[in-house]
Amino acid sequence: MSDCLFCKFVSGELKTNILFENDDLIIFRDIAPKAKNHFLAVPKKHFKYLAEMTEEDAALLGRIFKTISSLKDLLGLKNGYRLVINQGDDAGQTVPHLHIHVLSGQKMGWDPA
Ligand code: 5GP
Ligand code: ZN
């Protein structure tokens, strides 16, 4: 998608500090961290909602979850971590390209506010 921030990170049109990349995704640090470690795992394919997923996209997301969980040292996952996917307005989704927040490196509360 030509006007999408995360597509521009994927294509390299805009620079971000990519920590990990494979055929499926890129991972970089969130610009406004909500935890000691806050990464964004972004599928290279553009789609906004889980509800739009094809079977192929579902397999892609499965691989992405597997990849995230394998990056224990890079993402600081050893003592536990949280994955968040915001969907739509109530959740406060601000970037219309599906992405997984990876939060780690500290004890986390459970306050959706
Ligand atoms: P959402 O609110 O859509 O679930 O998450 C979007 C995330 O992207 C936010 O946590 C926000 O801080 C992050 N973000 C927005 N613009 C940029 C940027 O230019 N660079 C990086 N690294 N993160 C960004
Ligand atoms: Zn996009």
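This report walks through the ligand site and the salt bridges of a predicted model.

## Ground rules

In this predicted model, local features need pLDDT of at least 70 and side-chain atom pairs count only at pLDDT 80 or more, while totals for chains, interfaces and linings use all residues. Residues are numbered from 1 along each chain as its sequence is written, chains are lettered from A and ligands numbered from 1 in the order in which they are written, and side-chain values use heavy atoms, leaving out hydrogens and water.

## Around ligand 1

Let us start with the shell: 16 residues surround ligand 1, with Arg29, Asp30, Asn86, Thr94 and His101 the closest (a heavy atom within 4 Å). By type, the shell splits into eight nonpolar, six polar and two charged residues (Asp, Glu, Lys and Arg count as charged; Ala, Val, Leu, Ile, Met, Phe, Trp, Tyr, Cys and Pro as nonpolar; the others, Gly among them, as polar).

A polar side-chain atom lies 2.5 Å away in Asp30 and 2.8 Å away in Asn86, whereas Thr94 brings a backbone N or O atom to 2.7 Å. Helix H1 (5–11) and strand E2 (25–29) are the elements giving two or more residues to this shell (DSSP runs, at least four residues for helices and at least two for strands). H1 supplies the largest share, three residues.

## Salt bridges

The structure holds three salt bridges (a Lys or Arg side-chain nitrogen within 4 Å of an Asp or Glu carboxyl oxygen). One of them joins Glu21 and Lys44 at 2.8 Å, N to O. Glu21 belongs to strand E1 (residues 18–21) and Lys44 to the loop between strand E3 (37–43) and helix H2 (55–70), so this pair ties together parts 23 residues apart in sequence.

Notes
Polar contact = N/O pair within 3.5 Å; in protein donor to acceptor, adjacent residues only side chain to side chain.
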